[in-house]
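Biologist: I am new to this structure and would like a short tour. Could you take me through it step by step?

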Amino acid sequence: MTLPQDTDPKLAQYAHPERLVTTAWLAEHLGDPGLVVVESDEDVLLYDTGHVPGAVKVDWHTELNDPVSRDYVDGARFAELMAAKGIARDTTVVFYGDRNNWWAAYALWVFTLFGHADVRLLDGGRAKWVAEGRELTTDVPERPRGDYPVVERDDAAVRAFKEDVLAHLGKPMVDVRSPGEFSGELLHMPDYPQEGAMRGGHVPGARNVPWARAAAEDATFKPVDELRAIYEGEAGLSTGDDVVVYCRIGERSSHTWFVLTHLLGYDKVRNYDGSWTEWGNSVRVPIEKGASA
Amino acid sequence: MSELPPALAEVVDDFAAVPARDRLQLLLELGNELPHLPERYVAAHEAMEQVHECQSPLFLKVEVDGSADQGKRVRLFFDAPKEAPTTRGFAGILHAGLDGEAPETVLAVPDDFYLRLGLAELVSPLRLRGMAAMLARVKGQLRAAA
């Protein structure tokens, strides 16, 4: 069962308004059968301090990553995770989280690898819900198990590997890290731990558009004309482009993947989740240093 | 494994005593119990040290009070926003376990004591690094003060 689209006029400007819901829509539909709300945060305890009533928590570190190899979980593990969270294959899943939906967008992207059809982001995420004084609870819902088939992950459409990026050199690429990481001056995000890259810089030809530029002050997405000014005016992309986005481990770039794919309507955007922790450690791959052209 | 100071050992035992699921709750409670900053540090982050390894802003300051004859005591001050409950929880563990101990006792805490909390599978090893960094900064400030 799939829930109706949010027809709020703010969302109508985007290429795929069905991929977003407003806080008002969510408040109205809480508890509807066929809807599961998923909170996915950077801070793993935030959900436990209070969350949208009925929401379940999904943690990318401990639940979406394979515990051994550097990859996402496989079809069987994903099916088990979905069943445990009470999600069925036709469930409408609304994701929200902290920090402009950074990790929520990442979780949404991973669900997309498994072809989960109805995935949506809460525009403004956790911050907007809290700022509006909407209800939060510490009650963890007891959801009945969902009936979820084992679906093999399909990485081809929205995920790029290192070999794909090598073959993509010279085509549009967006590096969504901070300017310091892009230029090679920093090996990690400002104020964040060093996660071990041997070299600093960026993939040759990549344009630097820090991911959070897509978010407005209140954590909602910027209007479509502002997004076009950034990604098309400044970074030179256009709708028909084959684009690869990356960051440090692929989380910030999932957010930009969402913006280009669902808000601006680009058909061919792949997220390179190996990102700088792979590229900056790989022997003999080309690297460029210095600020964005 | 080397001995931990009694209060810190108690915190570690508390974590070990509860099922995995409840450890996050315990972490949350320890974060909530973190005392407010004293007046002299409120709005004075420049007087504190920022721990960059934590994923959210955390400021810490170590003071030593008491005297050589009466015994010196380490006082720990932490500040982290409420939107960063994990970081607050890590600070809460150090505060509950080490505030009031002698400087040499704090310096002797094994750098990897946090591995005994059983949090790695719940929080991920990467996030736990923030705690290691906090302890390292505490020891660094203590050595600098000595």
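Modeller: Let us begin with chain B. A compact globule of 146 residues would have a radius of gyration near 15 Å, and chain B agrees, because its value is 15 Å. The radius of gyration is taken over C-alpha atoms, and the globule rule is 2.2 Å times the number of residues to the power 0.38.

Biologist: What should I know about the source of the model and its numbering?

Modeller: This is a predicted model, in which local features need pLDDT of at least 70 and side-chain atom pairs count only at pLDDT 80 or more, while totals for chains, interfaces and linings use all residues. Residues are numbered from 1 along each chain as its sequence is written, chains are lettered from A and ligands numbered from 1 in the order in which they are written, and side-chain values use heavy atoms, with hydrogens and water left out.

Biologist: How many helices and strands has chain B?

Modeller: Chain B has six helices and three strands. Starting at the N terminus, the order of elements is α-α-β-β-β-α-α-α-α. Helices (H or I, at least four residues) and strands (E, at least two) are DSSP runs, numbered from the N terminus.

Biologist: What share of chain B is buried?

Modeller: Of its 146 residues, 49% are buried. Buried means under 20% relative accessible area, exposed over 50%, and partly exposed in between, with a 1.4 Å probe and protein chains only. The C-alpha atoms of chain B fill a box of roughly 45 × 35 × 20 Å along the principal axes.

Biologist: And chain A, how many helices and strands are there?

Modeller: Chain A contains 12 helices and 10 strands. Its radius of gyration is 18 Å, close to the 19 Å that the globule rule gives for 293 residues, so chain A is as compact as a globular protein of that length. Its C-alpha atoms fill a box of roughly 50 × 40 × 35 Å along the principal axes, and 58% of its 293 residues are buried.

Biologist: Let us change topic. How much space lies in the largest pocket?

Modeller: The largest pocket holds about 670 Å³ of space. It is lined by 27 residues, and those closest to its centre are A:Trp60, A:His61, A:Asn65, A:Asp66 and A:Ser69. On a 1 Å grid over the protein atoms alone, a pocket is an open set of points where a 1.4 Å probe fits, with protein on both sides within 12 Å along at least five of seven lines, and lining residues have an atom within 4 Å of a point. Grid points are joined across faces, edges and corners, and the volume is the space filled by probe spheres set on the points.

Biologist: Which elements supply at least two residues of that lining?

Modeller: They are α4 (60-64) and α5 (75-85) of chain A, with α5 (120-123) and α6 (125-145) of chain B. The largest share, four residues, comes from α4(A).

Biologist: What does α5(A) pack against?

Modeller: The buried residues of α5(A), including A:Phe78, A:Leu81 and A:Met82, pack against β2 (35-39), β3 (56-57), α4 and α6 (98-113) of chain A. After α5(A) comes A:Gly86, whose phi is positive, near 80 degrees.

Biologist: Which residues have a positive phi although they are not glycine?

Modeller: A:Arg99 has a positive phi of about 50 degrees, and A:Arg284 has one of about 70 degrees. Most residues other than glycine have a negative phi. A:Arg99 lies in helix α6 of chain A and is partly exposed, with a relative accessible area of 32%. A:Arg284 lies in the segment after α12 of chain A and counts as exposed, at 82% relative accessibility.

Biologist: What does A:Glu278 touch?

Modeller: Leaving aside neighbours within four places in sequence, A:Glu278 is in contact with A:Arg70, A:Lys162 and A:Tyr272. A:Glu278 lies in helix α12 of chain A and counts as partly exposed at 29% relative accessibility.

How values were computed
Contact = heavy atoms within 4.5 Å.
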